[in-house]
Amino acid sequence: MSAPRKTFAFTPENLAEAKKIIAKYPAGRQASAVMPLLAIAQKQNDNLLTQAELEYVADMLGMAPIRVHEVASFYTMYNLKPAGKVQVQVCTTTPCWLRGSDQVVEACEKALGIHCGEVTADGKIGLIEVECLGACVNAPMLQIGDDYYEDLDAESARKLMEALKAGGVLKPGPQNGRKTSEPLGGATTLTSFPAEKA
Amino acid sequence: MPKLTIDGQEIEVEAGITVLQACERAGVEIPRFCYHERLSIAGNCRMCLVEQEKAPKPIASCAMPVMEGMVIKTDTPLVKKARRGVMEFLLVNHPLDCPICDQGGECDLQDQAMAYGMDHGRYHENKRAVRDKYMGPLVKTIMTRCIHCTRCVRFATEVAGVEELGALGRGEHMEITTYLEKALASEVSANVIDLCPVGALTSRPYAFNARPWELRKTESVDVMDAVGAAIRVDTRGREVMRVLPRLNEDVNEEWISDKSRYACDGLKRQRLDRPYIRKDGKLVPASWGEALGAVAAKLKGTAPAKIAARVGDLADAESIFALKGLMASLGATNLECRQDGAHLPSASRGDYLFNTTIAGIEKADLCLIVGANPRWEAALVNTRLRKRYMMGGFKVAAIGPKLDLTYPVEMLGDGPSTLAAIADGSHPFAEKLKSAKVPMLILGMGALSRPDGAAVYALARKLGDACARDGWNGFNVLHTAASRVAALDLGFVPATQNPEAPEVVYLLGADELDLAKFGKAFVIYQGHHGDRGAHRADVILPGAAYTEKNGIYVNLEGRVQLGRLASTPPGEAREDWKIVRALSDALGKPLPFNTLEALRQKLVQAHPVFAPIGQVTPVASMPWSGSASAPSGGAFAYPIQNFYMTDPISRASATMAECTEAFVTGTAPMDANRGTGTHG
């Protein structure tokens, strides 16, 4: 919130999206749209909400700025401090931890040269620990942007980070050759249709 | 009407109230922090838990509506345990710095911890510390003490209408703050201090000044505006330590404006504590005998037509009555109480009262404000207008320069031409006024204190008469001076048109006049502050301020109220009516009363409207018969340029000067010296 005062406005596409969301609510209840609008604003503004974005959304919804600030400060996924243009979120909840998320975190920290909760010097990549992202079947895993990267170990996490730093193309999903959540090496049951068996 | 049982006692209450309110009606006390009857229900402190039969767990009584056949128990072991548990959690992060806390002795948390809490805590972990927030020159914050009841947030949002307070963060990290830590820009902001159940928000000017048990409490009435809010004056020795609101549902509910609360430090500065006589261009101290002798000699040697008397905004009815008697005994008729030159008729009471009454605002459905900024001229009338707006179905329109009244206002125009258009029906608003069920019109001094004020009054009055409904008088004058209605009731107005230029002018606390127009006249100033009037004076008779005398004040509704003596006047200063009485002796024409009681008897005899104390005698709407000429002037200008400095007391107040810097001129620096309250 201490960022210098600047102006913010939705891009035409985001504005259209925002209008669609606002239209979902009855007249006089536009304030209900505050959370999705903040999410759009944060995405447009490199993963960060400053006073300008909060006041823009407040103004659009006819809310007092303090009310929008209350919402933004209540939820941890709104970033009021710079969190990196790309945010790497490593799950360290029990299933991932049992499957070696400590090594994944260590590899990420080493590859990026920052600790959890920090942002690289160029402000491009931020690294944080998060609670369960609901992909325990492919533990350990991490999230970059909107995509999940699963079945990691220290080496694949390091590679992922190097590729991210270099701006290369990342392939979401399991990183150990597994197909979605099938067993490693392919399916072992239900390999044929019941009719063929007879 | 649901019937319920509370602690074995059957009670029937109206539907829609809460269990907590029903308990109160049954005479059962329920502890609470977040619940406040004038604010919305939050239900977040959990202190009001009670047991309801057939409910699986204790219920929050403040948020539970009553239902038929409910059985409520408030004295069971379960309730006791629940209260203890809640209290224990509230105290987990509370610093328990009561010995250095200004709330100590009048703290809800302290009292309720004694009554409902445990005798010891079981938590040994560190308490959290919260950085103090800046909320302006009036509200001191020690946010570590905050228990997050959110009363202040709800007050700012709902009552004050400035949505600037909020709770940021969540859980253990929740903190109350103003947006961007700006001062809370409201005229009633300091009420959050009274609302705060702990010592998180306390009074900045009063910080570390006194303990509540050292103070003598006097119930009185406020004179900083014409609303006449009920106040309690707390004094220690001669010194007024603070002013607090008192409950009066008809006038101020339980709020007062920041000026009413904090101008009291002006009572200690710039005081006139002895008589003065001007000799060779300089004011030199004199004795009462010399001063009264000089005044008497001057008055005796002047033709009655060349004597004038002016009443100031803070004068009490007794001294006005006494002065009028004195002037009558001299034969002087050039009297005036309308310092601002307002063209207000004084013939009939209904012509100059706020006829709707303040509580009556809640019945109205349409309001037209003409040349008034109620937010600054009568902050509590504005609070009531906002309350009516929050109830829904209320439209407000205004004529005058752009206004921010904390609720939507339709600006119709800025001057009398718009008023004329509505009066002759050519403006679309005329139709709305006609079709409204309970319309009201508020006419301000900004429309009357101008050369064409009489014409504006006639126009507005015509519209005001159109606001009359069966048993409803919708015409209201918004006064700005506490003494004005009493002075008009007492007829302190010129008896003749175009009086002669005076040679002797008697000012009874009159400071808001254009003193230059008296030229070389001999000026006698009777008052309590060395302000404009005293600077011009040739003789100064030191009087008493409103906390230093028993006096009658009539508020803008025509409600007669008693101000009470809380401390004595400084030095040789005397109560005002006594000064006038003494002067009448010096003139050899003694007034017919020797005590305040005798004076009041004479006053009520001559003016029966002063008899009913604390009540309003309604005045039925009487069609205006005066003539109407076309107003000639341009846009209205509001009479108050600076809410925080409107009279000699608030001009002498250091706190009001700080508020002026913070809110009016915007030159106050942010408070850089902030810590957590436990930062050493």
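1. Strands β25(B) and β26(B) form a hairpin with five residues between them, and Gly558(B) in its turn has a positive phi of about 90 degrees. The two strands, residues 551-554 and 560-563 of chain B, pair in the antiparallel sense over four bridges; pairing requires that DSSP find at least two bridges between two strands.

2. The model is predicted: local features need pLDDT of at least 70 and side-chain atom pairs count only at pLDDT 80 or more, whereas totals for chains, interfaces and linings use all residues. Residues are numbered from 1 along each chain as its sequence is written, chains are lettered from A and ligands numbered from 1 in the order in which they are written, and side-chain values use heavy atoms, with hydrogens and water left out.

3. Chain B also holds an open sheet of five strands, with mixed pairing and the order β2-β1-β5-β3-β4. Its edge strands are β2 (9-12) and β4 (59-60) of chain B, each of which pairs on one side only. Strands β3 (residues 49-52) and β5 (residues 71-73) of chain B pair in the antiparallel sense over two bridges. Here Glu51(B) has Lys73(B) in β5(B) as its bridge partner. In general, strands of a sheet pair through backbone hydrogen bonds, either parallel or antiparallel.

4. At the interface, 14 residues of chain B are in contact with 13 residues of chain A, contact meaning heavy atoms within 4.5 Å. The two chains, B and A, bury about 1100 Å² between them, 58% of it on carbon and sulfur atoms; buried area is the accessible area (1.4 Å probe) that two parts lose on being put together, summed over both.

5. Seven residue pairs are in polar contact between chain B and chain A, both residues at pLDDT 80 or more. A polar contact is a pair of N or O atoms within 3.5 Å; within protein, one must be able to donate a hydrogen and the other to accept it, and residues adjacent in sequence count only if both atoms are side-chain atoms. On the side of chain B that touches chain A, α4 (151-160), β7 (165-168) and β8 (175-178) of chain B each supply at least two residues. The largest share, four residues, comes from β7(B). By class, this side of chain B has six nonpolar, five polar and three charged residues.

6. The count of salt bridges between chain B and chain A is one, a salt bridge being a side-chain nitrogen of Lys or Arg within 4 Å of a carboxyl oxygen of Asp or Glu. It joins the side chains of Glu163(B) and Arg67(A), at 2.8 Å from N to O. Arg67(A) also forms a salt bridge with Glu70(A), the closest N and O atoms being 2.9 Å apart. Arg67(A) and Glu70(A) both lie in helix α4 (residues 65-74) of chain A, three residues apart, about one turn of the helix.

7. The peptide bond from Ala139(A) to Pro140(A) is cis, with omega near -10 degrees, and Pro140(A) is in the loop between β3 (125-130) and β4 (142-144) of chain A. Thr180(A), a residue other than glycine, has a positive phi near 40 degrees.

Conventions. Nonpolar A, V, L, I, M, F, W, Y, C, P; charged D, E, K, R; others polar.
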